[in-house]
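Please load the model and keep a selection tool at hand.

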Amino acid sequence: MGKTLFDKVWDAHVVDSIENGPQVLYIDKHLIHEVTSPQAFNELEERNIPIFRPNQIVATADHNTPTQNQHLPVKDALSRNQLKQLANNCKKNNITLYGLGHKYNGIVHVMAPELGITQPGMTMVCGDSHTSTHGAFGAIAFGIGTSQVAQVFASQCLLLSKPKSLRVTVNGSLKPGVLPKDVILYIISKIGTNAGTGYFCEYAGNVFENMSMEGRMTVCNMSIEMGARGGMIAPDDTTFAYIKNREFAPKGNDFENKVAYWKTLPTDTDAVFDKEYEFDATDIEPMVTYGTNPGMGIKINAPIPNISDASFEKSLKYMDFKKGDYMLDKAINYVFIGSCTNSRIEDFRVAAKYIKGKQKAPNVTAWLVPGSKQVETQIENEGLKTIFENAGFELRQPGCSACLAMNDDKIPEGEYCVSTSNRNFEGRQGQGARTILASPLVAAATAVEGKIVDITKTFNLEKELI
Amino acid sequence: MEKFTTLQSTAIPLDIENIDTDQIIPARFLKATDKQGFGENAFRDWRFDKSGNINKEFALNNPKYSGSILVSGNNFGCGSSREHAAWALTGYGFKVVISSFFADIFKGNALNNGLLPLQVSKAFLKELFSLIKTHPETKLIVDLKAQTLTIKNTDLKTHFDIDPYKKTCMINGYDDIDYLLSKKEAIKAFEMAR
């Protein structure tokens, strides 16, 4: 029987197996940030265990960094302390850190791919559930807890039981205005937030084959929102072209040799998955969420479903929505384009195309937060900054920002925010904040109109966007 | 890690599905650099309103309920990988969480902190909720060695699954680092062979 992409990468990293138990899986790259690493560093120090492979660890500051005045000392004392501890721990242990202000600084899942750190066939972990993002390159990448961060520090390995395999296939042509974010929100709305629990997911079909690397990262990023530990997409010419010439990508003959290996990774045609789902691309429309988990999504012009269930009703009460309500024409005061899901250059390009020549609605506060310093530079170099500023949008400095509200970028209690982030959990963007997940295009349109609009009707997408 | 073998306790019913780790411990409390103090902020925004007043409706604040077992709805612990959620629950005093389904990362984090994620069938969970809500004094007996959950003075009893390796770790208070360090030579050999 053939092997899946996941099998091939996993099997190549098994160091040892415990009978009837987990396997020792070797980790190629370990990404760390300030929030989930301090206790792991402490634990190793307390137990007098050295960091086993410091040169396979890359650190960044992202979760609670400010998005304004990054040249000044961080105002929040606790955040400042956490960032300082990260810097100290990295220095003490010879770990590369792209701290605040560094030209490579950014959200961990944005900066690692754009530096060529992320490569096909790798195993990658980070104390952050959205590590699944890197699966877009055909890597096994997944989020871990702090105890596991300590394990990787100590041994460059993890004890894991091999997850089951799941494949989600989407074939057909996406309609104009339907972005990768809509594809993944649609999939999660169809299969639910725990359909992937216990599984690693592969996305297959021409929709993903035709997608840019940025789009694939958006899709894989949200694999955790359907419960899967990670998502993967087979590496192909799009992947290789993206990696080539990046800072830490293999060069010359090394690159060609790697590509030859990477080409062996895609799932064999006779491989069998434990679970499969198939969807038709033409059924996907721009999506919005109405509830408090990412599975509570609907097509932008559809009503909120009528479900009788205590948890569902609790969720609608929090959002102050009613069954049968339409999301269209809902007034929105906050728009956030950013997060490890949608803060790459492609996201700002699509937003700028919509925004160009228009004005932000006066009732809307619109934050645009690039995922990295490099994206920030691209925004400037491509002239997008001028478009945003002329339209009244606020372009901030890179970081996780209002995705999880660990810095000052919080949505006030009771306010609605159309957000390109990945989670609409209660209080995620600030205590009492109400999050509506959407694509960067829907978010841009919401900021301009001051309310949720059906972009497929208000905008000549084929003519204006493509 | 503390050893876990058996536990007898009353339980607190938290009959809500898809409880994400942002609810168990909100992001603003993740700025600590040690593992202490998370218990007092467990379920912070459900236990208290924004002014800090106690939400009397919330199960953890209901004086009827007490104990070191939390009974929760389906898909407990989804969302963020933050191990702070496990530290918050153990810090609050929980030793067992019962649900019909746990998110993967949370489950791993719980096991690494001596907190037992005990998965039961949806039907059993439903019965358990109805029993605890009507008889909060009901005692639950968790026997990790036998992998059983028994409801005292009733016919209710169920078997639960746990990875045999993790079971050994919990019973003996071992953690994965000890095991991985014992494999260092194999790991180095693996690196050399690549």
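**First stop: a cysteine in a loop**

Select Cys400(A), which sits in the loop that joins strand 17 (394-395) to strand 18 (416-419) of chain A. The model is a predicted one. Is Cys400(A) buried or exposed? Its relative accessible area is 7%, so Cys400(A) is buried, the limit being under 20%. Next, display the surroundings of this residue: apart from neighbours within four places in sequence, Cys400(A) is in contact with Asp62(A), His63(A), Ile107(A) and Phe336(A).

**Second stop: Cys340(A)**

Move to Cys340(A), in the loop between strand 15 (334-337) and helix 12 (345-355) of chain A. Cys340(A) counts as buried because its relative accessibility, 8%, falls under 20%. With residues up to four places away in sequence set aside, Cys340(A) touches Ile107(A), His109(A), Val110(A), His130(A), Asn221(A) and Asn422(A).

**Third stop: the annotated set**

An unreviewed UniProt entry gives the feature "binding site" at Cys340(A), Cys400(A) and Cys403(A). These positions are spread over 64 residues of sequence, yet they cluster in space, with a largest C-alpha distance of 8.6 Å. Cys340(A), Cys400(A) and Cys403(A) also belong to the lining of the largest cavity.

Which residues lie nearest its centre? They are Ser161(A), Asp104(B), Lys107(B), Leu111(B) and Asp163(B), out of a lining of 34 residues. To see the elements that give two or more residues to this lining, select strand 8 (157-160) of chain A, then helix 4 (104-111), strand 5 (116-119) and helix 6 (164-172) of chain B. Helix 4 of chain B supplies the largest share, six residues. Colouring the lining of the largest pocket by class shows 16 nonpolar, nine polar and nine charged residues.

**Last stop: helix 15 of chain A**

Finally, select residues 440-449 of chain A, which form helix 15. How many of its 10 residues are buried? Nine are, and the helix is thus mostly covered. The buried residues of helix 15 of chain A are Pro440(A), Leu441(A), Val442(A), Ala443(A), Ala444(A), Ala445(A), Thr446(A), Ala447(A) and Val448(A). Step just past the end of helix 15 to Gly450(A), where the backbone takes a positive phi of about 80°.

How values were computed:
Residues numbered from 1 in each chain as written. Chains lettered and ligands numbered in written order. Predicted model: local features only at pLDDT ≥ 70, side-chain atom pairs only at ≥ 80, totals over all residues. Heavy atoms only, no water. 1 Å grid on protein atoms, 1.4 Å probe; cavity = no way out; pocket = protein on both sides within 12 Å on 5 of 7 lines; lining within 4 Å. Helix = DSSP H or I, 4+ residues; strand = E, 2+ residues; numbered from the N terminus. Nonpolar A, V, L, I, M, F, W, Y, C, P; charged D, E, K, R; others polar. Buried < 20%, exposed > 50% of the residue type's maximum accessible area, 1.4 Å probe, protein only. UniProt positions renumbered as here; feature names shortened; annotations may be inferred. Contact = heavy atoms within 4.5 Å.
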